[in-house]
Amino acid sequence: MLLKELSALASPLSQGQVDKLKQLTSELSSVQLAWVSGYLAASANGASTSGAVVESQPTASQTVTILYGSQTGNGKGVATELAAKAQAQGYAVNLASMGDYNVRQLKQETILLAVVSTHGEGEAPDDAIELHKFLSSKRAPKLDNLSYAVLALGDSSYEFFCQTGKDFDSRLAALGAKSLLPLVECDVDYEQAAEEWQDSVVDAVKPLIQTASASVVPLTQAQTATSEYTKQNPYTAEVLVSQKLTGRDSDRDVRHVEIDLGESGIQYQVGDALGIWFSNNPALVNEIISGLSLSADEQVIVGKETTSLVEALTDKKELTQLYPGLVKAWAEFSGNADLLALSEDKAQTRQFILNNQLADLVSAYPAKVNAAQLVEVLRPLTPRLYSIASSQAEVESEVHLTVALVEDEREGQARFGGASHFLASAEEGQQVKVYVEPNKHFRLPESADTPVIMVGPGTGVAPFRAFIQQRVADGVSGESWLFFGNPHFEQDFLYQVEWQQYLKSGDLSRLDVAFSRDQAEKVYVQHRITEQAEQVWQWLQNGAHVYICGDADRMAKDVHQALVNVAVSQGGLSEEDAKAYFEELRAAKRYQKDVY
């Protein structure tokens with residue numbers, strides 16, 4: 001029914017209400033209209049608007065189920081956009097995180113669209129772990145009635161590119177499900193490929209469903225409370241402080257950074273991350289342009305925008321992180337036999353990427369590259385995520401970060417990490433574009449009496465500063481234990497005075513530190529855990545939640561093994577049972593990691 005017809009019929013609305021409705025709907029897009037129609041239908045059926053928005057459930061054959069597994073928010077964003085497009089077509093949609101999805105429902109589904117990223121060394125993101133395991137288990141049902149499509153997000157710089165998406169695709173096929181589209185693998189610059197996949201998959205499901213009269217995306221409370229500021233629409237904040245935490249003789253530069261969120265209304269929870277959009281260093285940009293004998297003012301096309309080369313390299317393109325495709329392209333540009341051979345070897349390429357930047361390619365492997373070719377081969381600049389080191393209960397409209405400056409020297413030339421150098425060199429008042437990336441898989445226990453064990457060496461201590469601030473503000477009485485490590489006590493004890501004050505006040509129950517270079521033998525946090533094995537096990541038996549933050553490659557694995565050894569030595573478990581024990585803790589959200 002058209003709105004202009006309302007006043008001519010026996011409408012239950014007054015003329016004033018009709019006028020208001022006309023005004024509202026004239027401002028909405030087709031996607032927004034689709035959502036509102038479902039919302040109103042749900043409201044008419046008595047659904048609550050304080051949490052999930054639900055209508056009388058359509059039959060499974062009428063529903064498109066969209067699941068996402070996302071570590072940094074990209075997968076969730078793609079899935080949400082897909083849900084909006086499906087709704088605009090009139091489809092009934094069920095959008096959910098894989099972590100919130102009941103795996104027992106899978107055998108009832110007829111259309112499943114999955115968007116999933118890969119984390120670490122080919123691992124499923126936190127919210128996809130349970131579904132990933134279920135599909136590989138003997139409990140997984142036959143899915144002969146299911147049609148599906150998978151979009152895999154990944155980073156080709158890593159060995160197991162898009163592995164989780166590949167796993168989902170192969171397992172669904174093995175269980176008898178029918179593929180609507182071939183698996184699509186997306187690299188870091190995923191936007192265009194994801195958009196094309198969204199459009200293709202919306203068309204592909206048309207023959208399979210009956211268009212529902214109203215469609216609804218069930219929204220969790222967390223989704224409805226999302227800030228208007230996002231990765232795509234960040235808030236322009238101001239840097240208040242960038243203060244060095246490490247001593248003058250330290251071999252590392254770690255900064256405490258405070259950012260003013262002003263009147264943005266941005267809210268975050270302890271455990272969340274802050275996304276930082278940064279500009280590349282002008283000296284680095286100039287080095288690349290001059291090294292290639294290009295003109296800074298030359299006009300280039302980036303996406304749908306025309307801009308100068310210097311602006312493109314400063315704010316649009318990734319300069320400090322290489323990827324295999326760029327190494328291969330540069331080998332062809334330069335014609336260098338050594339680089340060509342290296343680019344054909346995946347292991348050598350991965351190692352090269354870790355130790356070099358674009359500027360190193362330019363200087364070591366001269367090539368004749370024009371401005372258009374250069375911007376075409378470079379990835380888009382992407383924001384960096386930092387664990388938030390503050391609680392809003394303590395700092396209100398501020399957000400604090402603990403940032404380690406990434407720095408190296410090659411051939412006498414200083415090389416820095418893009419975002420860390422931007423923040424480390426920021427002066428008071430400098431603008432920075434930010435947004436909050438929620439991390440519901442790194443949350444304090446619901447009960448105030450629950451003890452917590454926090455393992456955070458180096459900058460991994462950041463979220464635990466936020467944890468303790470929050471617990472103090474909440475008047476929490478539960479016990480807390482921090483394991484912290486760094487090279488030297490005198491130079492690298494991050495937030496030392498604060499931890500000592502928390503110990504004195506009783507807000508932090510225990511603190512065990514490991515300063516690896518202060519004695520002949522190197523001592524790390526995993527060694528302190530082993531030394532305190534009896535007490536650690538007792539805390540676990542008392543219901544403690546365990547949190548690990550920091551380096552994923554070595555520290556997190558070593559700490560995990562130390563905890564497994566504790567379960568073996570103190571709990572009398574076998575190695576296999578000890579690993580299963582921590583897997584159970586993880587499933588119960590008592591063992592959580594924020595590693596990178």
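Me: Is Glu-318 buried or exposed?
Reply: This is a predicted model, in which local features need pLDDT of at least 70, side-chain atom pairs count only at pLDDT 80 or more, and totals for chains, interfaces and linings use all residues. Residues are numbered from 1 along each chain as its sequence is written, and side-chain values use heavy atoms, leaving out hydrogens and water. Buried means under 20% relative accessible area, exposed over 50% and partly exposed in between, with a 1.4 Å probe and protein chains only. Since Glu-318 has 4% relative accessibility, Glu-318 counts as buried.

Me: Which side chain does Glu-318 meet in a salt bridge?
Reply: Side chains of opposite charge can pair when their charged atoms come close. A salt bridge here is a side-chain nitrogen of Lys or Arg within 4 Å of a carboxyl oxygen of Asp or Glu. Glu-318 sits in the loop between helix 9 and helix 10, and its partner lies 66 residues apart in strand 12. At 2.8 Å, N to O, that partner is Arg-384.

Me: How many residues apart in sequence are the parts tied together by Lys-316 and Glu-305?
Reply: These two side chains meet in a salt bridge at 3.3 Å, N to O. Lys-316 is in the loop between helix 9 (309-315) and helix 10 (324-334), while Glu-305 is in strand 11 (residues 305-308), so the pair ties together parts whose separation in sequence is eleven residues. Helices (H or I, at least four residues) and strands (E, at least two) are DSSP runs, numbered from the N terminus.

Me: What is the nearest side chain of opposite charge to Arg-471?
Reply: Arg-471 is found in helix 17 (residues 462-474). One polar atom of its side chain lies 2.7 Å from the backbone oxygen of Gly-478. Arg-471 is buried yet has no salt bridge, and at 8.0 Å the nearest side chain of opposite charge is Asp-507.

Me: With which side chain does the side chain of Ser-390 make a polar contact?
Reply: Ser-390 is in the loop between strand 12 (384-387) and helix 15 (392-395), and it is buried because its relative accessible area is 0%. A polar contact is a pair of N or O atoms within 3.5 Å; within protein, one must be able to donate a hydrogen and the other to accept it, and residues adjacent in sequence count only if both atoms are side-chain atoms. The side chain of Ser-390 reaches the backbone nitrogen of His-400 at 3.0 Å. At 2.9 Å, its side-chain partner is Tyr-268.

Definitions and conventions. Lys and Arg count as positive and Asp and Glu as negative; His and the chain ends are not counted.
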